[in-house]
Amino acid sequence: MTLFLPPLAQDDFRFPPVSEALSHPDGLLAIGGDLSPARLMSAYRSGIFPWFGEDDPLLWWSPSERAVIQPSDFHASRSLRKAAKKSAYTITLNRAFETVIATCAAIRGPEQTWITDEMQVAYCQLHQQGDAHSVEVWDGAQLVGGLYGVCVGRVFCGESMFSKATNASKFALWQFSQYFAQQGGRYIDCQMMTPHLASLGAKPWTRDAFITALQAHRDQPIIQSSQPQQIADWRA
């Protein structure tokens, strides 16, 4: 089957309307362009994200269904809360962005990850300008879990997370959800629905519903700094 996609111009950061995304494969919208901060933020503000393999061209997606968590709806199970009480973790924001994104890539291996070296450089640039953020879970000085994503106003677009200890990525998302809600955050976009995300409170949204919410909240910035800070401390 031959697919026809509009190639993106190098000097124009606009994207085709998301309504033009393909049904098969679901959400594939455009090809080409680059991963400059301006283009990436144009994409996220439009409900689009890049996803491609090491040997693939640069592909842009806006799937017909999105997994979305409203921070107040995060489901912290009884077992997760019990595990948190027994832990001695500290959880931080923006303390080790480069390490978090590199670990998200490494933990999947080169054959399974879309987080190429090019992607890591691009998102580190977004972090430096205050648009991309990381959450870290620390056991003393050891990083045992974390996540990263892009903040678009009151919407946080999650990209990836990892665990090196039981529940560590859940702790990261749980505590970030609470922090994000306190700052006025409205939605956490998790991109693709999975049983794991559903167990944490994610709901399937149609593309149209997600885009409507994004447009209503993307121009109300709440996290504009990459300065590190602590958001939870469970040490005895």
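This is a predicted model: local features need pLDDT of at least 70, side-chain atom pairs count only at pLDDT 80 or more; totals for chains, interfaces and linings use all residues.
Residues are numbered from 1 along each chain as its sequence is written, and side-chain values use heavy atoms, with hydrogens and water left out.

**Salt bridges.** I took a salt bridge as a side-chain nitrogen of Lys or Arg within 4 Å of a carboxyl oxygen of Asp or Glu. That rule gives five of them. For burial I used relative accessible area: buried is under 20%, exposed is over 50%, partly exposed is in between (1.4 Å probe, protein chains only).

I looked up aspartate 189 and found it paired with arginine 66, closest N and O atoms 2.7 Å apart. Aspartate 189 sits in strand β10 (residues 187-191) and arginine 66 in strand β5 (residues 65-69), so this pair ties together parts that are 123 residues apart in sequence. Strands here are DSSP runs (E, at least two residues), numbered from the N terminus. Aspartate 189 is buried at 1%, and arginine 66 is buried at 2%.

Next I checked arginine 39, which bridges to aspartate 34 at 2.8 Å between the closest N and O atoms. Arginine 39 is buried at 0%, while aspartate 34 is partly exposed at 21%.

Aspartate 12 comes out partly exposed at 25%; arginine 14 is exposed at 64%.

**Negative patch.** Glu54, Asp55, Asp56, Asp117 and Glu118 gather in a surface patch of negative charge. Patch members have over 30% relative accessible area and no salt bridge, with like charges joined within 9 Å. Asp and Glu count as negative, and I placed each charge at CG of Asp or CD of Glu. I zoomed in on aspartate 55, in the loop between β3 (49-50) and β4 (59-61). Aspartate 55 is exposed, at 74%.

**Cysteines.** I searched for disulfides (cysteine sulfur pairs within 2.5 Å) and got zero. For cysteine 104, the closest cysteine sulfur is in cysteine 124, 11 Å off and too far for a bond. Cysteine 190 is in no disulfide either, with the nearest cysteine sulfur, that of cysteine 157, 9.9 Å away. I noted cysteine 104 as buried at 0% and cysteine 190 as buried at 16%.

Conventions
Patches are made of residues with over 30% relative accessible area and no salt bridge: like charges are joined within 9 Å, nonpolar side chains (Val, Leu, Ile, Met, Phe, Trp, Tyr) within 5 Å. Accessible areas come from the Shrake-Rupley method with a 1.4 Å probe; for residues, only the protein chains shown count as cover. Helices (H or I, at least four residues) and strands (E, at least two) are DSSP runs, numbered from the N terminus.
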